[in-house]
Amino acid sequence: MNIERITAGYLPELPGLREDEVQWHVLPFERGGVRLEVSVPLLTGPQMHALAAHVRRAADRHLRAMPVAEIIDAIDRAIARLLDRSDPYRRQAEAWLPVVSGYDADMVRLGLTGFFKTFRAAQLRRFVAEDFANPAVLDGFQPAPKGGAVRAFGPDLLMHSWAGNVPALSLWSLVCGLLVKAPAIGKLASAEPLFAGWFARLLAEVHPPLADCLAVVWWSGAGGVDGADGADGVDGGGAAALHAEADTVLAYGGNQTLQALRQRLPVTTRFLPHGHKLGFGMVGAQALDTLKAPAVARLAAWDVMRYDQQGCYSPHVFYVERGAPVSARAFADYLAAELANLQRRFARRPLELEEGAAVARWQQSVEWSGDAQQLLGPVDAPWSVAYSDSLQPLAPTALYRTIAVVGVDRLDDAVPVVAEQREYLQTAGIAASPEQLYRLAGLLGAAGVTRISAIGSMSMPEAGWHHDGRFNLLDLVRMTEIEQSAEAAAQPFAPYAD
């Protein structure tokens, strides 16, 4: 077997944190006859305290003094290199992310390109404008409509805790932290420990003053509550030190993992979690004639296929309106055929024993439901479509390209069952007329849905989307106001007052 070794993470250059002074933990991955050993930095408590102090000082000198326009320019130059398939960083990503994730190499390649395009300069300017009517408040005090002035300040130290279900997911929060000028330390996910460190190094290359303003480290187990590692993992003391140092924590992962992390943070720490969500689709009768229905099914299959439904925005159920030229059952058949086609182009990764067992249990539950549901296609296929002609609840499937299609008389009929999952709702994909789109959007928004997209775009959010219905940047900042009274009181002390 061919063995390759990569050093992951990112540490600024400072005494006590040089490569030979840091403990390294090896995370092994195997795929296609290749064994990849990824070495990740594991810091002690004193090392983490020193690192936190260092990135704070560096941010005070460099990052906080940069206008947001310059930060956007630096990110844009880094993203331009990641979009260049001849660039060494892009070549690394295409070579090794499929190995650590198990996803099809072409799926990863296309996914990365689509993802990176949302972080170009034009998109980032929209991103900032989504949260700030006057983005200049990130650079200095600006006039407030009520009088006085206001300015936005980013965290004193931002901690990122990443999940590894989707390659390069860490880019979202890294960019958010940079845009609000926050010194940051990120905690790698054991399932995808590569991209965050690559991006930090690339950013340091395109704009060297940023090299000391962020760091990327790792730990596991109870100290880091990394859900993939179990309760008894490797900490080194760095986890508790960073939990005590960071004033803001932006975290992704399973709900149990996030709850455990919350319990380890001081009560004064701002905690911004992004946990498990349920996505679903709705297909109206207007989209179900003999020309449109196959195209919609093809787009729906892409949403199911991308990263095997591992994203929080991935669909689990499609509610399909009856009474159209193409029946709801026929739509399910189209969807099954498209998933079979995509399997030939983007093969599903081999499942671990537990994952395969979950798929088998889900298929069995469909088969045992009697006439309520029907499993379409071969039971041993690397995809599964369950069809029901009676209203079914919105419930998670087994993932890994398992999807339910439910026929309904009216799409409105699905709203009450969707609303029962209010705390887990996020993305709804809709194929309907403009009038029906806006009417359904009002009903779904009231039910708890926070993002409505086209089917085919569910797993590709737009730049600046309000993740889980919240603000990406506003939630990270605190606002400092100079009230009118202070301005008026300062006037008698001006040199021209005498």
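This report describes the nonpolar cores, aromatic pairs, and selected helices and strands of a predicted model.

## Basis of the model

The model is predicted: local features need pLDDT of at least 70, side-chain atom pairs count only at pLDDT 80 or more, and totals for chains, interfaces and linings use all residues. Residues are numbered from 1 along each chain as its sequence is written, and side-chain values use heavy atoms, with hydrogens and water left out.

## Nonpolar cores

A nonpolar core is a set of buried Ala, Val, Leu, Ile, Met, Phe, Trp, Tyr and Cys residues joined through side-chain atoms within 4.5 Å. Buried means under 20% relative accessible area, exposed means over 50%, and partly exposed lies in between (1.4 Å probe, protein chains only). The largest core holds 145 residues, of which L51, L179, I185, L194 and F199 touch the most other members. Helix α7 (residues 195-206) gives the most to this core, with nine residues. Helices (H or I, at least four residues) and strands (E, at least two) are DSSP runs, numbered from the N terminus.

Contact means heavy atoms within 4.5 Å. With neighbours within four places in sequence left aside, the contacts of I185 include M48, L51, A52 and V55, as well as L157, L158, M159, H160, A215, V217 and L242.

## Aromatic pairs

Rings of Phe, Tyr and Trp (its six-membered ring) pair if their centres lie within 6.5 Å; planes under 30 degrees apart count as stacked, over 60 as edge-to-face and the rest as tilted. The whole structure contains 12 aromatic pairs. In one of them, the ring centres of F115 and F119 are 5.3 Å apart and the planes stand at 85 degrees, so this pair is edge-to-face. Both partners are buried: F115 has a relative accessible area of 17%, and F119 has 1%.

Ring pairs link F115, F116, F119, F127, W172, F195, F199, Y313 and W465 into a cluster. R451 lies over the face of W465, at 5.4 Å from the ring centre; a charge sits over a ring if NZ of Lys or CZ of Arg is within 6 Å of the ring centre and within 35 degrees of the ring normal.

Helix α6 (residues 170-179) is largely enclosed by the rest of the structure, because 10 of its 10 residues are buried. W172 and L179 are among these buried residues. K181, which follows α6, has a positive phi near 65 degrees.

H62 belongs to helix α1 (residues 45-63) and is partly exposed, at 28% relative accessibility. Not counting residues up to four places away in sequence, H62 touches P209 and C213. The C-alpha atoms of H62 and P208 are separated by 9.9 Å, although these residues are 146 residues apart along the chain.

## Strand β5 and its partners

Four of the five residues of strand β5 (residues 149-153) are buried, so the strand is largely enclosed by the rest of the structure. Two strands pair if DSSP finds at least two bridges between them. Strand β4 (residues 142-143) runs antiparallel to β5 and is joined to it by two bridges, with V150 as the bridge partner of Q142. The hairpin of β4 and β5 has five residues between the strands, and G147 takes a positive phi near 110 degrees there.

Strand β18 (residues 478-482) is also antiparallel to β5, with five bridges joining the two. Here F153 stands opposite R478.
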